[in-house]
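Please look at the sequence and the structure below. Some questions about the terms used for its parts come after it.

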Amino acid sequence: MKFQGSQNYVATQDLMLAVNAAITLQRPLLVKGEPGTGKTMLAEEVAQALDMPLLQWHIKSTTKAQQGLYEYDAVSRLRDSQLAEHDSAERVKDIRNYIVKGVLWQAFTADRPVALLIDEIDKADIEFPNDLLRELDRMEFYCYETRELIRAKHRPLVFITSNNEKELPDAFLRRCFFHYIKFPDAETMQRIVDVHFPKLKKELLAAAMKTFYDVRNLPGLKKKPSTSELLDWLKLLMAEDIPLEALQSADSKVSVPPLVGALLKNEQDTTLFEKLVFMNQRNR
């Protein structure tokens, strides 16, 4: 079982090696990189390429590790116990009716190997990764309410993504295979664009790519535009039928590109870029 890339996802050689190393070692693949570089999409494409069901757990700041295992719905059980119906009384007797299985439970008990995405783990509390150490390492956990040990029938292929908002514990990192998705160079980016917009004119693409990297390389940006923002911008350029001349400057000076709001996402960066354009125009 090896990942060789897919038609919808341009995977570099080192990324494919990382995925296959995680498969061989049977360890979670921890993927870091700038937002918008395809970390979440990687899990989706690998699962599809390897014909594996995908379970997704999108982490929030309030997410607790226990939710990935199971939750006991005591409120529903109390409510049912107060009802007079026979069906409710029978249901209350079995506590299993009030156990809500989390994605880890579902992954462990699946009849076939699955891919499991734990997305943006760095959003959660710092103790969140530590609370998952044993379960991800030993592939089992204990349900105290039902007094049963849940063991994995098949070891899932685990993807964990992080945007580096928080440092992850060393003990957790030791149990993962790590890969950092570098921002694509121009050649790789062009391959990515070709996948999404195969009919885009080469001249327009070349001009848009130059503008994109000029904006991205501007020093002092609070948030540099990412791959996903480039794709959004190209989609808008095509939808609005923006002419090639609008992206080109006769004297190669910096100018404000059309629909720049797809690339720059806060007023600080927009102001900084406009000042640079103004200074370039004054120096003509």
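This is a predicted model: local features need pLDDT of at least 70, side-chain atom pairs count only at pLDDT 80 or more; totals for chains, interfaces and linings use all residues.

Residues are numbered from 1 along each chain as its sequence is written, and side-chain values use heavy atoms, without hydrogens and water.

Q: What makes β5 and β8 paired strands?
A: Strands are DSSP runs of E, at least two residues, and helices are runs of H or I, at least four, numbered from the N terminus. Two strands pair if DSSP finds at least two bridges between them. β5 (residues 115-119) and β8 (residues 157-162) have four bridges, in the parallel sense, so they meet the definition. Among the partners, Ala-115 bridges to Leu-157 and Leu-116 to Val-158.

Q: Why are β2 and β9 said to stand at the edges?
A: The open sheet has the order β2-β5-β8-β1-β9, with parallel pairing. β2 (54-58) and β9 (177-181) each have a single partner strand, so one side of each lacks a neighbour in the sheet.

Q: Why is β8 called mostly covered?
A: Buried means under 20% relative accessible area, exposed over 50%, and partly exposed in between, with a 1.4 Å probe and protein chains only. Six of the six residues of β8 are buried. Leu-157, Phe-159 and Thr-161 lie on one side, and Val-158, Ile-160 and Ser-162 on the other.
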